[in-house]
Structure formats: C-alpha cells, structure tokens
Amino acid sequence: MGPTDSPNETASPEASEADPAAPLPSIEEALKQGRLIFVAEDNATNRMQVGRQLTALGYQAEYAEDGEAAFALWREKPYGLVLTDCHIPSLDGFDLARKIRDAETGAGTRVPIIALTANTLVAEAERCLGAGMDDYLVKPATLRDLALVLGRWLPRVDGNSPAVDPVSRPPDGPKHPIDVDMLADLLGGTGPDVVAPVFASFEDSLGSALRDLSQALAAADRVALKRAAHLASGSSSSVGAEDLTEALRKIEAGALSLDWKRLEDLRGDVTRKAASALAYLEAMAGR
C-alpha cells in the first residue's frame, strides 16, 4: 500500500453524527494505532447504522460506496481492517477481497477482511472465507456482535475487546412497524437523539429505492426491480422494520418469476408498510 497522507474526503458524514459512547481517535491517530477501519457499503442507511455502531465502540472509519472505489482507496493507506458488504456494485465484496489478497502478495501484510452479508446460509459463509475474507457478520449486525468480531481482529489500544454496555429496552407490547428491541440492539439505544439521524437517512434511501421500484415496474424491467427491492429491504432491515423487509423480500424473490399483477399487489403491500414504518420511526425520532 502507498502513502498515508491521502485526503480525508473518505470520512463519512453519517458517522460523525453518531453520539459516541467511547472516545474517538482522529483519523490520523487511528491510522497510527493500526485501528482505522475501512467500510465498503453502497446502502446509505446501512452506512449510517454501521457508522453509529463503530463510533459507539470507539472506532474511526472511512467509507466507499462501490468495490472499485474501495480498492483504490484501500491502496492509499494501511487500514487496520476492512468491513465489506458482499454485494456492492462495480466490484462485489468477494472480488474486492480477492484483489486485496492479490495486492498483498509478497508485501508481508494481511489486513483482516470482514464480510457483511444478509445471507444466513452456510454456503455463503464458506464463499466469504473462500474469497480470502477472515470472518463475517450477518446483516443487520447487532452492536454486541460487531464488537465481538472487531475485538477478535482489531483489539483496542489497551488490549481489551470493546466493551458493550447493556441497552435499556421498553417492556414487551403489541407488535409495531419497527421492532424496537432490534433497533436498540443495532444502535445501542432508541432515544430521539439516536433515532433522528437514522430516520433521516432511512427516509431518504427508502424513498429513492421505492421510486426506482415503481419505475422498474412501469418499465417492466425485472432486473432493476430485483435490485431496487434488494436495496430497500437492506435499508428496512437496518432499522428493524421487519414487516416491510419481509414484503420487499417477496418482491426481490419473485421479481424474475412472478406475474406483473402479483408484483403490483406486492408493491401495494410495500407502500402501506413503508408508510407505517416511516411514521413510527418519525415519532421515535421526536419529529
């Protein structure tokens, strides 16, 4: 890898909005400590969620939205660890890992690469490891699971694994459009200051994905429909919108095989559940 004085333009504005529970080093300090994390993730809501989690755990990170950009930026400085979604555009996470491993040949270094995958199948885990990754997390990863994996591959400066304080959860009650317990596990809390920036990012990314979904239906473009549903389901899963996620995954799974009438019906279900999830999350954010 090359020099360590590349521009700071890769620092994510989403991560800076998090309310840290641990002192954050600067980019330069994290780099010197060998603890600067690189995140490759194309979904804005997922970047927001991961950024908040990393900040809460005391880690500094930089970001890229596609595999080619991620590889180019990785070559500029010695990151301590790479977190990559498996299905980022232009160069997916598997090929990104392979390119990094090829570039490391003969260099005497090996950066830990952790996969972020929505696929829980054993075969997916084997594919991650086969591509040269060292570990994997199923999305959306809870704060505790992320802390454990990072502690395994990237210990804190004091040599201890990151501490994760227990989060307070509201008592059990009727099912809501947002799984509050899950959201607490993902973000480390559910107060308005925690939820507000997540709501803003989710509202924007979901709105964009649903517009793409509607356009794909109107154009009878099954490939675009599948991708739009996949992106929207990723965002929804990251905020604990389980019913909405399930509805979107039905479109994703059936995009290439179901008839258009059935897909339109599923889109209607998605629209209703999206409105409910947004309204509930907005109320949690104190808007």
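Colleague: How much space lies in the largest pocket?

Modeller: Rolling a probe the size of a water molecule over the atoms shows where empty space is left. In this predicted model, the largest pocket holds about 380 Å³ of space.

Colleague: Which residues are the closest to the centre of the largest pocket?

Modeller: Its lining comprises 20 residues, and the closest to the centre are Ala118, Asn119, His230, Ser233 and Arg249. The elements that give two or more residues to this lining are α10 and α11. Helix α10 provides the largest share, five residues.

Colleague: How do the residues of that lining divide into nonpolar, polar and charged?

Modeller: Three are nonpolar, ten are polar and seven are charged.

Colleague: Which residues make the contact between α10 and α11?

Modeller: From α10, the contact involves Arg222, Leu225, Lys226, Ala229, His230, Ala232, Ser233, Ser236 and Ser237. Helix α11 contributes Leu244, Thr245, Leu248, Arg249, Ile251, Glu252 and Gly254. Of the residues in this contact, six are nonpolar, six polar and four charged.

Colleague: Where do the pocket and the helix contact share residues?

Modeller: His230 and Ser233 of α10 and Arg249 of α11 take part in the helix contact, and these residues are also among the closest to the centre of the largest pocket.

Definitions and conventions
Residues numbered from 1 in each chain as written. Predicted model: local features only at pLDDT ≥ 70, side-chain atom pairs only at ≥ 80, totals over all residues. Heavy atoms only, no water. Contact = heavy atoms within 4.5 Å. Helix = DSSP H or I, 4+ residues; strand = E, 2+ residues; numbered from the N terminus. Nonpolar A, V, L, I, M, F, W, Y, C, P; charged D, E, K, R; others polar. 1 Å grid on protein atoms, 1.4 Å probe; cavity = no way out; pocket = protein on both sides within 12 Å on 5 of 7 lines; lining within 4 Å. Points joined across faces, edges and corners; volume = space filled by probe spheres on them.
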